[in-house]
Amino acid sequence: MKIGKECILFNAYRKKHPKIFWLIVALAILLPSISIGLELFVKDEYSLTVISDITSPLYNLIATIALIFAAKQSSRLSKRLALAWGMLAFAQFSFTLGDILWAVIELGLKSTPFPSIADGPYLLFYPLFFAGALLLPSKRLSPTEWLKRTLDLSIVMITAILGFWVYLIGPIIGTGTTSPFLETFLTAAYPVGDLLVFCALLIIIYYRSEKFILGSIWILAFGSIVMIVTDSIFSYQSLLGTYISGGVLDLGWILSYLLIAFAGVYQADAAQTYKEDATLPYMNLFIRERISQALAYTPYIWVVGAYYLLINYHYTESPINPDVLFVGVGCIIGLVIIRQIIALIENNHLLSNLRKALERGNLQASELNKSNQNLQQEIIRRERVEEQLLHDRSEERCAGKECRSRWS
């Protein structure tokens with residue numbers, strides 16, 4: 001099977017990669033190992049803070065450069081693809097700028113970096129990342145398929161929103177805290193930003209184009225998920241007042257930066273070495289098929305998660321407004337019902353088409369049977385005619401012999 005410009009997938013077994021590819025792989029292994037080692041052996045809290053504040057912008061800068069590299073190399077495939085990766089690079093640079101400002105405030109000014117001016121670039125990352133995801137090429141879908149995927153995405157997204165509301169956003173804005181408004185707003189803004197990134201990932205997954213280099217997309221998604229989890233823990237610890245700069249949690253951001261950097265290098269490498277006449281490996285077909293099958297069941301798994309939120313609220317004392325939870329779960333149930341109705345309509349349509357196909361097949365078989373019978377009758381008639389002709393010729397020969405015998 002051949003792949004054109006619209007079908008470039010993950011090839012993990014190709015041996016020829018540029019040096020920067022292996023450099024990022026080495027950094028992805030070495031730098032977190034060093035950070036973990038320092039975390040285990042360096043006990044001074046201030047030293048850990050200094051190490052974290054210095055290394056974090058460095059890791060983030062590596063990710064930014066890798067994404068710029070991806071945008072440059074992707075331009076040979078598509079201008080829109082290059083623009084999308086460029087926007088992702090801009091988003092990562094915004095996060096890098098936030099890390100630099102955080103380090104300057106915490107180490108240089110000896111001040112608390114949250115809340116601070118660093119939150120501006122940090123929060124700007126989220127809409128920029130979302131814009132980059134929207135710019136990635138999307139697959140053209142039929143209206144029915146588009147509606148189905150939109151419903152599936154909505155089910156997952158509403159469940160995620162409810163989870164963030166129950167555990168983070170609701171407690172932050174609904175506890176009657178005496179914290180300054182700016183601090184409360186920023187603490188709640190980060191979970192909202194994470195939801196925006198999560199929505200962007202869902203858009204990439206559900207509306208992915210075959211022009212995607214699947215490996216880089218999934219590495220980017222995994223790095224973003226690590227960042228979302230780390231941000232969520234940070235928000236929760238900030239709510240409790242237990243976050244410590246330079247602690248183990250900072251390793252989550254480092255890992256997410258390196259994964260995003262690896263995604264950028266992989267995208268650039270695959271785009272640079274792309275050949276139009278390349279064959280599509282069997283493993284890529286297998287992965288693509290398994291992903292499609294998994295996505296079909298994913299919304300129903302998240303429905304179970306929404307049900308768990310109801311149970312958890314029933315058995316625990318939560319400061320959140322229950323109306324939001326109940327309305328959200330009701331919306332999810334309604335979307336699932338609509339999704340099942342569409343599936344039922346599709347099944348009935350397929351069944352109707354199958355019946356029509358069977359009827360056409362039976363009609364064609366009946367016509368073929370009649371044709372066979374007519375053909376057999378024609379064959380029998382011709383055989384009889386031939387037999388009659390042979391018989392007439394035989395009689396003529398016999399009559400001719402009798403005449404010759406008489407004359408002789």
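In which crossing, left-handed or right-handed, does H6 pass H7? The first legend answers this. The model shown is predicted.

**View 1. Helices H6 and H7 pack at an angle of about 160°.** H6 covers residues 181–206. H7 covers residues 214–240. Their axes lie 10 Å apart. The angle makes H6 roughly antiparallel to H7, because angles over 145 degrees count as such. The crossing in which H6 passes H7 is left-handed.

**View 2. Glutamate 145 and arginine 149 form a salt bridge.** The closest N and O atoms of this pair are 3.1 Å apart. Both residues sit in helix H5, which spans residues 143–174. They are 4 residues apart, so about one helical turn separates them. Glutamate 145 has a relative accessible area of 24% and is therefore partly exposed. Arginine 149 counts as buried, because its relative accessibility is 15% and the cut-off for buried is under 20%.

**View 3. Lysine 148 and glutamate 346 form a salt bridge between two helices.** Here the closest N and O atoms are 3.2 Å apart. Lysine 148 belongs to helix H5, while glutamate 346 belongs to helix H10 (residues 322–407). The pair therefore ties together parts that are 198 residues apart in sequence. Lysine 148 counts as buried, at 12% relative accessibility. Glutamate 346 is partly exposed, with a relative accessible area of 26%.

**View 4. Salt bridges link Glu145, Lys148, Arg149 and Glu346 in a network.** The network includes the bridge from glutamate 145 to arginine 149. The bridge from lysine 148 to glutamate 346 is also included. A search of the whole structure finds 6 salt bridges.

**View 5. Arginine 382 and glutamate 378 meet in a salt bridge through their side chains.** The N to O distance is 3.0 Å. Both residues lie in helix H10. They are 4 residues apart, so about one helical turn lies between them. Arginine 382 is exposed, with a relative accessible area of 52%. Glutamate 378 counts as partly exposed, at 27% relative accessibility.

View 6. Phenylalanine 93 counts as partly exposed, because its relative accessibility is 41%.

Methods:
Residues numbered from 1 in each chain as written. Predicted model: local features only at pLDDT ≥ 70, side-chain atom pairs only at ≥ 80, totals over all residues. Heavy atoms only, no water. Buried < 20%, exposed > 50% of the residue type's maximum accessible area, 1.4 Å probe, protein only. Axes fitted to C-alpha atoms, helices over the stretch in contact; angles between N-to-C directions. Parallel < 35°, antiparallel > 145°, perpendicular 65-115°, else oblique. Left-handed = near helix turned anticlockwise from the far one by under 90°. Salt bridge = Lys/Arg side-chain N within 4 Å of Asp/Glu carboxyl O.
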